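Good morning, and thank you for coming. Please look at the sequence and the structure while I speak.

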Amino acid sequence: MKSEQIKEITERATERLTTALNAGHSEALTNYLKAIGRFHRYSLHNVMLIASQMPNANYVAGFRTWNELGRFVKKGEKGILILAPVVRRKSENEEDQKESSISVAGFRAAYVFDVSQTDGKELPQIGAVQGDPSRCAEQLRNFASAQSISIDYSIKIAPARGMSSGGKITLLPGQSPAEEFSTLAHEMAHELLHRGDRRSATSRRIRETEAEATAFVVCHAIGLETGSAASDYIGTAMHKS
């Protein structure tokens, strides 16, 4: 998708919100602010796009993801347009992708559907990490620094919560302290366990299971409540492997 098209799409969404506000429809702003809270893992542009197309959307996912959850998009339902990043790997040595970095080469149109547009199995309660990591968050960051691993933030990795690229961890901004701690623990496991020869000797399923199991143990050790977050994540990773 060309940059001009992206600009036009986002400008139309902005104009709709502005027009509604100028007309005295304060519920438009309320819906937008609620959307930010519900879809904090999406970029602000995508939050605006979702809110402008379906103000009352609660939980959106792609067609395939709904199928993996045992639900199916109802016949005739119209998808909600969002902008998905086109990710490419860059490496100084193109033959060696183990230590490659990830960059966003552009965006493409993608469509998601709200849970209200689907039928099927009762939606499982997607686990969320809850609690207060307190000073442990700083300790984990200090540990990362001691391993010469830098930590940065970027909305460009959405909908991923975190990304590890060999000596650098990128986190999605806007996560709760507990979720961010869990995400950082997960990515630290990748950095420490999966950046050597062992990476090529293991499958993605094994690596994700090990990383999430590590995050689960670390979170429990400091008193965070993980609910079904770890099993939900591992289950999704297994579907994608």
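Let me begin with a definition: a residue is buried under 20% relative accessible area, exposed over 50%, and partly exposed in between, with a 1.4 Å probe and protein chains only. This is a predicted model, in which local features need pLDDT of at least 70, side-chain atom pairs count only at pLDDT 80 or more, and totals for chains, interfaces and linings use all residues. Residues are numbered from 1 along each chain as its sequence is written, and side-chain values use heavy atoms, with hydrogens and water left out.

The protein has eight helices and eight strands; these are DSSP runs numbered from the N terminus, helices being H or I with at least four residues and strands E with at least two. Of its 241 residues, 37% count as buried.

I turn now to the cores. A nonpolar core is a set of buried Ala, Val, Leu, Ile, Met, Phe, Trp, Tyr and Cys residues joined through side-chain atoms within 4.5 Å. In soluble globular proteins, nonpolar side chains tend to be buried together. The largest core here has 15 residues, of which L140, I169, F181, M188 and L224 touch the most other members. Helices α5, α6 (177-193) and α7 (204-221) and strand β8 (168-171) each supply at least two residues of this core. Helix α6 gives the most, with five residues. Leaving aside residues up to four places away in sequence, M188 touches L140, F143, A144, I149 and I169, a contact being heavy atoms within 4.5 Å. A second, separate core of 11 residues includes M54, I82, A84 and V112.

Is F143 buried, exposed or partly exposed? F143 lies in helix α5, residues 135-146, and counts as partly exposed because its relative accessibility is 37%.

Finally, the aromatic pairs. Rings of Phe, Tyr and Trp (its six-membered ring) pair if their centres lie within 6.5 Å; planes under 30 degrees apart count as stacked, over 60 as edge-to-face and the rest as tilted. The structure holds two such pairs. The ring centres of Y59 and W66 are 5.5 Å apart with planes at 80°, so this pair is edge-to-face. W66 is buried, at 0% relative accessible area, whereas Y59 is partly exposed at 29%. F63 and F113 also form an edge-to-face pair, 6.4 Å centre to centre with 70° between the planes. Because F63 lies in helix α4 (residues 63-68) and F113 in strand β4 (residues 101-114), the pair ties together parts that are 50 residues apart in sequence.
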